[in-house]
Amino acid sequence: MKGVGVVPKQRALALVDHPEPSITSDHQIKVRTLEVGICGTDREICTFAYGRPPAGDEYLLLGHECLGEVVEAGSSVTGFKPGDLVVPSVRRPCPHPECRPCREGRQDFCCTWEFTERGINQRHGFMTELFVEEEAFLTPVPAHLRTLAVMAEPLTIAEKGLAQAWQVQKRLSWADPNLNGLGRGQGRNAVVLGAGPIGLLGAMKLLIEGFRVFIYSRSPKPNFKAEIAAAIGAEYVSSKEVTPEGLAAMVGNIDLIYEAVGEGQVTFDVMRVLGINGVYIFTGIPPEKDPIPVFADTLMRNITLKNQAVIGTVNASPEAFAEAIHDLAEFQRRWPSAVNALITGRHSIDAHRELLMGRASGIKNVIRFN
Ligand SMILES: NC(=O)c1ccc[n+]([C@@H]2O[C@H](COP(=O)([O-])OP(=O)(O)OC[C@H]3O[C@@H](n4cnc5c(N)ncnc54)[C@H](OP(=O)(O)O)[C@@H]3O)[C@@H](O)[C@H]2O)c1
Ligand SMILES: [Zn+2]
Ligand SMILES: [Zn+2]
């Protein structure tokens with residue numbers, strides 16, 4: 001089968017001839033790849049900063065954002081049949097018996113850091129024609145989400161981040177958890193930093209939770225990302241035109257910030273204006289750089305005096321995948337054009353080199369396999 005992989009020892013990206021996999025246990029499912037999304041992680045693996053092939057292999061197949069179709073199900077599989085659409089998760093548990101998160105299916109919180117990840121770390125990814133996966137690592141997708149479900153995996157980051165934020169905000173015991181049935185974010189203000197796929201999907205999630213949403217990103221208006229923001233009912237503010245203080249003056253108390261820029265300077269500048277009892281969710285995974293000045297004492301004072309919480313979010317639980325599928329359907333219902341517009345290109349496998357190593361363009365690019 002054709003696959004796209006990196007060969008770290010040769011620092012090369014290659015179209016590889018990958019052997020067709022077969023089911024080897026009753027709980028496994030064979031899946032035909034339909035679409036694979038490309039993200040910053042794939043592009044970074046193509047700079048050979050990280051990305052480790054499975055033991056004994058020279059290459060690592062890329063791809064961790066995937067939509068597929070079941071072609072064959074093992075005899076003990078109960079939840080899937082041929083023809084069903086599925087989205088696989090990425091992280092697989094570490095082998096250590098003492099790692100409770102991994103033993104309880106929450107390898108997104110692995111304590112040993114010896115987990116593996118499909119398409120990233122010691123397991124082949126989905127950028128190939130067919131793959132085999134355990135039933136436990138697949139989430140069902142309704143047929144009407146065929147054009148959107150490739151974005152489920154990047155949306156799970158917001159799902160996990162928000163789920164944690166709500167755990168923290170249970171401390172605000174007087175707050176109505178679902179004001180008038182309008183969502184837990186009703187009456188609250190959220191700022192999303194960055195208008196890439198992670199930021200725009202996060203903004204959509206916050207909107208359906210009832211928040212008033214501002215997107216604070218670099219490029220001034222007019223631009224395509226700002227048009228999507230307007231279409232979903234979020235206010236787009238350019239960091240080139242408005243300072244963090246100016247942003248805070250527009251918003252009022254900032255109850256939640258969802259960071260999706262992956263850039264330390266703006267992330268910590270905006271942290272200064274997080275509001276009283278606010279939660280700051282970090283998604284960014286920037287490469288190591290030289291130290292930068294930050295208002296450390298201001299941040300410390302604020303975090304303490306304003307009861308603030310800072311949370312990281314990476315990978316996700318099966319519940320977060322199910323929630324992402326549920327929410328994509330809600331995005332489709334509310335903003336069919338805007339959510340479709342997040343996928344700015346569907347390409348054949350022949351475009352892999354340009355997509356992975358060329359100039360980044362568009363919002364979410366996808367490789368189509370059929
Ligand atoms: N936690 C996880 O599991 C996970 C998974 C995937 C990705 N990520 C991380 O999430 C972050 C966002 O990913 P993405 O794919 O959405 O990124 P992206 O496509 O590069 O988008 C980044 C956005 O941030 C804006 N931006 C960049 N620098 C800025 C600055 N200094 N001030 C204001 N805005 C700035 C960009 O503005 P322009 O539109 O003007 O370029 C763009 O809209 C990355 O750090 C990535 O590593 C995390
Ligand atoms: Zn990704
Ligand atoms: Zn573990």
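## A buried glutamate at a zinc ion

Glu65 has a relative accessibility of 2%, so it counts as buried (buried is under 20% relative accessible area, exposed over 50%, and partly exposed in between, using a 1.4 Å probe and protein chains only). This is a predicted model, where local features need pLDDT of at least 70 and side-chain atom pairs count only at pLDDT 80 or more, while totals for chains, interfaces and linings use all residues. A few housekeeping points: residues are numbered from 1 along each chain as its sequence is written, chains are lettered from A and ligands numbered from 1 in the order in which they are written, and side-chain values use heavy atoms, with hydrogens and water left out.

So what does Glu65 do here? Its OE is one of the protein donors of the zinc ion (ligand 2), together with Cys39 (SG) and His64 (NE2), lying 2.1 to 2.3 Å from the ion. Donors here are N, O and S atoms within 2.8 Å of the metal (3.2 Å for Na, K and Ca); water is not among the atoms, so sites may look incomplete. Along the chain, the donors of this zinc ion follow the spacing C-x24-H-E. Cys39 sits in the loop between β3 (28-38) and α1, and Glu65 in strand β5 (residues 65-73), so the pair ties together parts that are 26 residues apart in sequence. Helices (H or I, at least four residues) and strands (E, at least two) are DSSP runs, numbered from the N terminus. Cys39 counts as buried too, at 15% relative accessibility.

## The four-cysteine zinc site

The zinc ion (ligand 3) has Cys94, Cys99, Cys102 and Cys110 as its protein donors, each through SG, lying 2.3 Å from the ion. Angles among the four donor atoms are 105 to 115 degrees, and the site is tetrahedral. For four donors, that label needs all angles to lie between 85 and 135 degrees. The ideal angle for four tetrahedral donors is 109.5 degrees.

The spacing of these donors along the chain is C-x4-C-x2-C-x7-C. Cys99 is in the loop between β7 (91-92) and α2 (100-103), and Cys110 is in the loop between α2 and β8 (116-118), so the pair ties together parts that are 11 residues apart in sequence. Cys99 is buried, at 1% relative accessibility, and Cys110 is buried at 6%.

## A three-stranded sheet

Strands β7, β8 and β9 make an open sheet in the order β7-β8-β9, with mixed pairing. β7 and β9 (122-123) are at the edges with a single partner strand each, so one side of each has no neighbour in the sheet. Two strands pair if DSSP finds at least two bridges between them. β7 and β8 run antiparallel and are joined by two bridges; Arg92 has Thr116 in β8 as its bridge partner.

## A six-stranded parallel sheet

Another open sheet has six strands in the order β14-β13-β12-β15-β16-β17, and its pairing is parallel. The edge strands are β14 (235-238) and β17 (309-312), each with a single partner strand, so one side of each lacks a neighbour in the sheet. From one strand to the next, the twist averages 20 degrees. Axes are lines fitted to C-alpha atoms, for helices over the stretch in contact, and angles run from 0 to 180 degrees between N-to-C directions.

Helix α3 (residues 152-169) packs on this sheet and touches β15 (256-259), β16 (279-282) and β17; its direction makes about 155 degrees with that of β16. Contact means heavy atoms within 4.5 Å. At one end of the strand order, four bridges join β13 to β14, which run parallel, and Tyr216 has Val237 in β14 as its bridge partner.

## Two helices side by side

The axes of α4 (residues 197-208) and α5 come within 11 Å and cross at roughly 10 degrees. That makes α4 roughly parallel to α5 (under 35 degrees is roughly parallel, over 145 roughly antiparallel, 65 to 115 roughly perpendicular, and the rest oblique). Leu200, Ala203, Met204 and Leu207 in α4 meet Lys225, Ile228 and Ile232 in α5.

Most residues other than glycine have a negative phi, and most peptide bonds are trans. Phe48 has a positive phi of about 65 degrees although it is not a glycine; this residue is in the loop between α1 (40-45) and β4 (60-61) and is buried, at 18% relative accessibility. Trp113 also has a positive phi, near 65 degrees. Trp113 lies in the loop between α2 and β8 and counts as exposed, at 71% relative accessibility.

The peptide bond from Lys221 to Pro222 is cis, with omega near -5 degrees. Pro222 is in the loop between β13 (212-217) and α5 (224-232).

Technical notes:
Four donors count as tetrahedral if all angles lie between 85 and 135 degrees; four count as square planar and six as octahedral if opposite donors are over 155 degrees apart and all others between 65 and 115; anything else is irregular.
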